[in-house]
Amino acid sequence: MTFDQLGLSEELLKAVSSAGYSEPTPIQAQAIPSVLSMRDVTGIAQTGTGKTAAFVLPMIDRLAHGRSRARMPRSLILEPTRELASQVAENFEKYGVNHKLNMALLIGGVSFGDQDRLLMQGVDVLIATPGRLIDQFERGKLLLTGVEMLCIDEADRMLDMGFIPDIEKICKMLPPRRQTLLFSATMPPEISKLASQFQTDPKRIEASRPAQTADTITQYKVELSMNDHKARRTAMRRVIESRDVKNGIVFCNRKSEVDIVAKSLSKHGHDAAPIHGDLPQAYRTQTLEKFRNGELKLLVASDVAARGLDIPDVGHVFNYSPPPNSDDYVHRIGRTGRAGRSGESFTLVCPEDGKLWDAVLKRVQKDVETFMPEGLEDELKALGPSSSSRSSKSSSRGKEKSSSRGKERPENSSNREKSRKSDRGGNDFDLLPPAPAGPVVGLGDHVPAFLQRPV
Ligand code: ADP
Ligand code: MG
C-alpha cells in the first residue's frame, strides 16, 4: 500500500514524501479514505501507530476549499494535554506546507493575546484542550457554529483525566451536522458510549488488537523484597547502569516521585530530567525538545505527561513501579519497540505491588522474565536493616489487617489522601488506585516511635 492510493491531493502527497514517509501505517491506510469521504470514523490503534496523520492528512484536504470567518473555526481537534496539542499543531504545519490553512492552538500556559488575534482573523483548524476551549467559549471569544469537523483524539486518556463531561459539553455546543472523528488506543465502555452518543453511523477501524504490547519489546521485572523508596531508587540506577542505554523513559506513578527520582538519578551522575503537569510549560517544552534531540538521556515522567508524546526510537522504558492501571503499562512500554525496532522494558516489583503486577500480566498475556543486575541483591541487603525491617514490619501489619478485613490495604488512607492532594494539580492526574473505604483499623501504618523501642 502506498500513500497515493488513498485519495489524497498531490500537494499533500508531496508534503508526506518530504516528511520521509514511504507507506501509510495500517490505521492511516484504513482511516484516510473514510475521512475523505466525509464519514464519521472511530479509529483504535495502539500508541505510536501514526493516528495523528490518520486524521490530520485527510482533514487538510477536506479543509482545502472554503474560507474561515472571524471567531468561527471550521474544524476542531481536542487533545488531552498541551504537549499533544502542540504535537498535532506541528503535524499540521509539516503536512500543510503546501496549503494555506490558518491554525490556532488553545492550550493552557500560553498567553491568550496571540491566539485571540488568530481567532479573530478566522482559523481553519483549532487545536485545543477541553478546559481552555470551554473557557474561551464562555468568555464569548469563540463561536462554534461553523465547525464542520470535530476530532476527539486520545479519547481513552481524556477519560482517564476526567474530561468526558467537558467533551460532552463541547459536542453539544457544535452544530449537529458535522463530521466527527474519534481516535483512541483502547476502547473502554465509556468511550464506546461517547462514540455512539456523538457519532453518526461511524466506521469503526481497529488497526490491531487494541493496546497490545509489541513483540519487539523484551519485558523484564526486577523483584524487590521490600517496599522502600531508597531500595527502589538504588535498583533503578543499577538496572539503568547494567544496560547500554542510549535514551529511555523512567515512569513514576506520582508527580512527587517523578521529581524525587529525577533528582536522585541526576545526583548519581545520570543525565535525567523530570516532566509532569505541574512543571512550567516552558520547562516541559524545553526538556522534551532536548530529549528528542538526543541531548537528554533519561526522561522521568508521569503517565499523563508522557502520553502519546512523539518521541521516536526510545530504547528503554523503566517503571519505578507497576502503574495503577494496566492499560498504562501498555502505553508506557509502547514508547519503545516502535516501527519494528527492538526495545527493553524493566519494571520494579515489590511484594506490595503484587496485585498491580498481576493485572499487568493478565493484560499483556506474556511471560515476563525476571532480571537482577549483578550485585544488586547484596547491595539492597546492605542498605541497612532499618529500611528493610521497617517495611517488612509494615507489610506484615498490612497482611494482618487484610486478613481481618478481607481486603488489601496498601497504604494508610489518610497518608494516601495527603499525598494525593499534594500530588494533584493542573490537569495531570496521578493515577492512584481508589482509597479503600472505611476507617483505618488500629494505628494505620503509622506506628509511633515509642512503640518501636525495644522493651
Ligand atoms: P499515535 O497517535 O498513534 O500514538 P503518532 O501519530 O504520534 O502516533 O505517530 C507516532 C510516530 O510515527 C511519529 O513519530 C510519526 O512521525 C511516525 N509516523 C506516522 N506515520 C508514519 C508513517 N506512515 N511512516 C513512518 N512513520 C510514521
Ligand atoms: Mg496520538
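Modeller: A crossing of two helices is left-handed if the near helix is turned anticlockwise from the far one by less than a right angle, and right-handed if clockwise. Keep in mind that this model is predicted.

Biologist: Is the crossing of H10 and H11 left-handed or right-handed?

Modeller: H10 covers residues 229-242 and H11 covers residues 255-267. Their axes come within 11 Å and cross at roughly 55 degrees. That angle makes H10 oblique to H11. The crossing is right-handed.

Biologist: Which residues in H11 meet H10?

Modeller: H10 brings His 229, Arg 233, Arg 237 and Ile 240 to the contact. The residues of the contact divide into three nonpolar, two polar and three charged. On the H11 side stand Glu 257, Ile 260, Ser 264 and Leu 265.

Biologist: At roughly how many degrees do the axes of H4 and H12 cross?

Modeller: H12 spans residues 281-293, and H4 spans 82-95. H4 passes H12 in a right-handed crossing. The two are oblique to each other. Their axes come within 11 Å, and the crossing angle is roughly 60 degrees.

Biologist: How many residues of the contact of H4 with H12 are charged?

Modeller: H4 supplies Arg 82, Glu 83, Gln 87 and Glu 90. H12 supplies Gln 281, Arg 284, Leu 288 and Arg 292. One residue of this contact is nonpolar and two are polar, while the charged ones number five.

Biologist: What is the relative accessible area of Glu 79?

Modeller: Glu 79 sits in the loop between strand E2 (75-78) and helix H4. Beyond residues up to four places away in sequence, it touches several others, including Phe 55, Ile 127, Asp 153 and Met 158. Buried means under 20%. Glu 79 is buried, at 0%.

Biologist: Where is Asn 319, and is it buried or exposed?

Modeller: Asn 319 lies in strand E12, residues 316-319. Leaving out residues up to four places away in sequence, it touches Met 236, Phe 251, Tyr 329, Arg 332, Ile 333, Phe 346, Thr 347 and Leu 348. With a relative accessible area of 0%, Asn 319 is buried.

Biologist: Why is H14 largely enclosed by the rest of the structure?

Modeller: H14 has eight residues, 326-333. Seven of them are buried, so the helix is largely enclosed. The buried ones are Ser 326, Asp 328, Tyr 329, Val 330, His 331, Arg 332 and Ile 333.

Biologist: How many Å apart in space are Gly 354 and Pro 322?

Modeller: Gly 354 is found in helix H15, residues 354-364. Gly 354 is partly exposed, with a relative accessible area of 23%. In sequence, Gly 354 and Pro 322 are 32 residues apart. C-alpha to C-alpha, the distance is 9.2 Å.

Biologist: What percentage of the 455 residues in the chain are buried?

Modeller: The chain holds 19 helices and 14 strands. Among contacts between residues at least 6 apart in sequence, 77% join residues at least 24 apart. The buried share of the chain is 54%.

Note on methods
Residues numbered from 1 in each chain as written. Chains lettered and ligands numbered in written order. Predicted model: local features only at pLDDT ≥ 70, side-chain atom pairs only at ≥ 80, totals over all residues. Heavy atoms only, no water. Axes fitted to C-alpha atoms, helices over the stretch in contact; angles between N-to-C directions. Helix = DSSP H or I, 4+ residues; strand = E, 2+ residues; numbered from the N terminus. Parallel < 35°, antiparallel > 145°, perpendicular 65-115°, else oblique. Contact = heavy atoms within 4.5 Å. Nonpolar A, V, L, I, M, F, W, Y, C, P; charged D, E, K, R; others polar. Buried < 20%, exposed > 50% of the residue type's maximum accessible area, 1.4 Å probe, protein only.
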